[in-house]
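Biologist: Could you walk me through this model? I would like to begin with how the helices cross.
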Amino acid sequence: MLTIHDKKVQELEERSTEIRRDLIKMLTNAGSGHSAGPLDLTEIFVSLYFHVMNHKPKQPKWKHRDRLYLSCGHVCPIQYTVMAHAGYFPKKELMTLRKLGSRLQGHPEYGALPGLENTSGPLGNGSSQACGSAYSLRMDGSRSHVYCVMSDGELQEGITWESAMFAGKYRLNNMTWIIDRNNIQIDGNTEDIMPEEPLRDKFEAFNFHVMEVDGHNIRDLVDAIGQGHAVTEKPTVIIAHTIPGKGVPFMEYDFRWHGAPPGKLETETSPKKDKQMQVALNELRTLGGKIESEHE
Ligand SMILES: Cc1ncc(C[n+]2csc(CCOP(=O)(O)OP(=O)(O)O)c2C)c(N)n1
Ligand SMILES: [Mg+2]
């Protein structure tokens, strides 16, 4: 049974702040990349890698590991940052994001970096990759659990629903999907571009066990994941409600930060480009957590 103590929640909250700070620095240094999704997925990735998943960073191919399939590949800066903190590769490599020859490309490539389970970027594919993995692990009698992190924009891809149909039919109860329900996609708000609601009803119709949580509340996330483990005969989907750009107020709720790093976009409410990284780092202090340096 998956549980979490108050002290651990606090530790993971502090870790989340440190990770958001590293994210801001790496994105600014790269000069391109996505900000909104990675910032809002921080607690989800921190909970998975630092509490939920059974894995060994120094033995990335360990047979009994849980598997994490990232479907919306463009949010990989958060996965890279959390993996570096977890010990998969040196933290200093984060500064090579999107550079020529780097292992940390703008969309993840299977085989490039130890610990990645799949290649992603074309939206929608991760859910079917996760289904194949969950199905075959079950055939092997494995106790490993399969997680798939996906975005709400991906729910507009037909393949997502094909894989949902498969997961429902084969009752893949060794699989949990976590949807980043941040309500934005590349060009605007999801409900304006292609309405997705009622999501809960849709997933229930596909034979999923559905839960909804605040995607920034580590305790609620961990509890929901634990409840999902206990479900028999059905896959689980957790609709995680998040705030795009979470932690950096001038980015929050604004879809224009979907694909822009600090320093590359000026909005009515943002600081001037050259001040954005510093302002973002200062604002993150108010979220709490350990501060590595008073002078960036
Ligand atoms: C099949 C496919 N179509 C289009 C794209 C281009 N694209 C990349 S991200 C994105 C927005 C999708 O929305 P979401 O994943 O919810 O983005 P976020 O919440 O991170 O802003 C689009 C259309 C793509 N990567 N793959
Ligand atoms: Mg989205």
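Modeller: Helices (H or I, at least four residues) and strands (E, at least two) are DSSP runs, numbered from the N terminus. This is a predicted model, in which local features need pLDDT of at least 70 and side-chain atom pairs count only at pLDDT 80 or more, while totals for chains, interfaces and linings use all residues. Residues are numbered from 1 along each chain as its sequence is written, and chains are lettered from A and ligands numbered from 1 in the order in which they are written.

Biologist: Which hand does the crossing of helix 1 and helix 3 have?
Modeller: The crossing of helix 1 and helix 3 is right-handed. The axes of helix 1 and helix 3 (residues 42-52) come within 10 Å and cross at roughly 125 degrees, where axes are lines fitted to C-alpha atoms, for helices over the stretch in contact, and angles run from 0 to 180 degrees between N-to-C directions. That makes helix 1 oblique to helix 3, since angles under 35 degrees count as roughly parallel, over 145 as roughly antiparallel, 65 to 115 as roughly perpendicular and the rest as oblique.

Biologist: How many residues of helix 3 are buried?
Modeller: Nine of the 11 residues in helix 3 are buried, among them F45, L48 and Y49. A residue is buried if 20 or more other C-beta atoms lie within 10 Å of its own, exposed if 12 or fewer, and partly exposed in between, with C-beta atoms placed from the backbone.

Biologist: And K8, where does that sit?
Modeller: K8 belongs to helix 1 (residues 6-30), and K8 counts as partly exposed because it has 15 C-beta neighbours inside 10 Å.

Biologist: Switching to the sheet, what is the strand order?
Modeller: Five strands form an open sheet in the order 1-2-3-7-6, with parallel pairing; two strands pair if DSSP finds at least two bridges between them. Strand 1 (67-70) and strand 6 (209-214) stand at the edges with a single partner strand each, so one side of each has no neighbour in the sheet.

Biologist: How many bridges join strand 6 to strand 7?
Modeller: Six bridges join strand 6 to strand 7 (residues 236-241), and H209 has T236 as its bridge partner in strand 7.

How values were computed
A crossing is left-handed if the near helix is turned anticlockwise from the far one by less than a right angle, and right-handed if clockwise.
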